[in-house]
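Biologist: Could you take me through this model, one topic at a time?

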Amino acid sequence: MFDILVYLYETYYRPDACPEPAALARKLSAVGFDDVEISEALVWLTDLTAMAGVEHILTASSTGTRFYVQQESDVLGAAAVGFIQFLESARILSPLQREIVIERALALDEAPVSLGKLKVIVLMLLWSQGKEPDALMFDDLFIDDEDLPPRLLH
């Protein structure tokens, strides 16, 4: 499913450039994606778009601290929670966007969610809202830390 999401991000600069779901499914199938994964990705993306649309209606602001319940901590893992907190402190994510990211991560059937997949979720949220991260944050979102060799300290 994440391969499809990344493909959509790379292929369609803006979400409104995407064809309707039926036509998009045909295009994705023609490119070689599996029908089950296409269906899962389109449902996931539709849910994301529905949730992300709320951002334009509500203007929630928060100065409080977000505490994670045990289920959220188990699914997200420490690295993902830290990354979400970093994005919020850097004002890349609003409190409402943070909640959407958490909900979309919890909607996956895996625990813990890898940092690479969480980055794709954040990228897709920003993309679905027509927002583009700045150049430095864009690099952070596209680099999969799990694939990097360990850093040597000296």
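Modeller: The chat below goes from the overall fold to the helices, the salt bridges and a few loop residues. This is a predicted model, in which local features need pLDDT of at least 70 and side-chain atom pairs count only at pLDDT 80 or more, while totals for chains, interfaces and linings use all residues. Residues are numbered from 1 along each chain as its sequence is written, and side-chain values use heavy atoms, with hydrogens and water left out.

Biologist: How many helices and strands does the protein chain have?

Modeller: The protein chain has eight helices and zero strands. Both are DSSP runs numbered from the N terminus: helices are H or I with at least four residues, and strands are E with at least two.

Biologist: And what share of the residues is buried?

Modeller: Of the 154 residues in the protein chain, 40% are buried. Buried means under 20% relative accessible area, exposed means over 50%, and partly exposed lies in between, with a 1.4 Å probe and protein chains only.

Biologist: What about contacts between residues 24 or more positions apart?

Modeller: Such pairs account for 72% of the contacts in the protein chain with a separation of 6 or more. A contact means heavy atoms within 4.5 Å.

Biologist: Let us look at the helices. At what angle do α1 and α2 pack?

Modeller: Helix α1 (residues 2–11) packs against helix α2 (residues 21–31) at about 105°, and their axes are 12 Å apart. The axes are lines fitted to C-alpha atoms, for helices over the stretch in contact, and angles run from 0 to 180 degrees between N-to-C directions. The two helices are therefore roughly perpendicular to each other. For such angles, under 35 degrees counts as roughly parallel, over 145 as roughly antiparallel, 65 to 115 as roughly perpendicular, and the rest as oblique.

Biologist: Which residues meet there, in α1 and in α2?

Modeller: I4, Y7 and L8 in α1 meet L24, L28 and V31 in α2. By class, this contact of α1 with α2 has six nonpolar, no polar and no charged residues. Here Ala, Val, Leu, Ile, Met, Phe, Trp, Tyr, Cys and Pro count as nonpolar, Asp, Glu, Lys and Arg as charged, and the others, Gly among them, as polar.

Biologist: Now α6. How far apart are its end C-alpha atoms?

Modeller: They are 17 Å apart, which agrees with the 16 Å that the twelve residues of helix α6 (residues 95–106) should span at 1.5 Å a residue. The expected span is 1.5 Å times one less than the number of residues.

Biologist: How many residues of α6 are buried?

Modeller: Nine of the twelve residues in α6 are buried, and the helix is mostly covered. Among these buried residues are Q97, R98 and R104.

Biologist: Next, how many salt bridges does the structure hold?

Modeller: It holds seven salt bridges. In a salt bridge, a side-chain nitrogen of Lys or Arg lies within 4 Å of a carboxyl oxygen of Asp or Glu.

Biologist: Which residue forms a salt bridge with E72?

Modeller: R66 does, with the closest N and O atoms 2.9 Å apart. Both R66 and E72 are buried: R66 has a relative accessible area of 17%, and E72 has 11%. R66 also meets E99 in a salt bridge of 2.7 Å, N to O. E99 lies in helix α6 and R66 in the loop between α4 (54–57) and α5 (70–89), so this pair ties together parts that are 33 residues apart in sequence.

Biologist: Where is E72, in which helix?

Modeller: E72 is found in helix α5. Not counting residues up to four places away in sequence, E72 touches R66, F67, G77, I102 and L106.

Biologist: And what does E110 form with K117?

Modeller: E110 forms a salt bridge with K117, and the closest N and O atoms are 2.7 Å apart. E110 is partly exposed at 26% relative accessible area, and K117 is also partly exposed, at 27%. Elsewhere, salt bridges that share partners join R66, E72, E88, R98 and E99 into one network.

Biologist: Changing topic, what kind of peptide bond joins A111 and P112?

Modeller: A cis peptide bond joins A111 and P112, with omega at about -10°. P112 is found in the loop between α6 and α7 (115–128). D74, in helix α5, is in contact with A111 and P112, leaving aside neighbours within four places in sequence.

Biologist: Last one: what is the phi of R91?

Modeller: R91 has a positive phi of about 65° although it is not a glycine. Most residues other than glycine have a negative phi, and most peptide bonds are trans. R91 is in the loop between α5 and α6 and counts as exposed at 76% relative accessibility.
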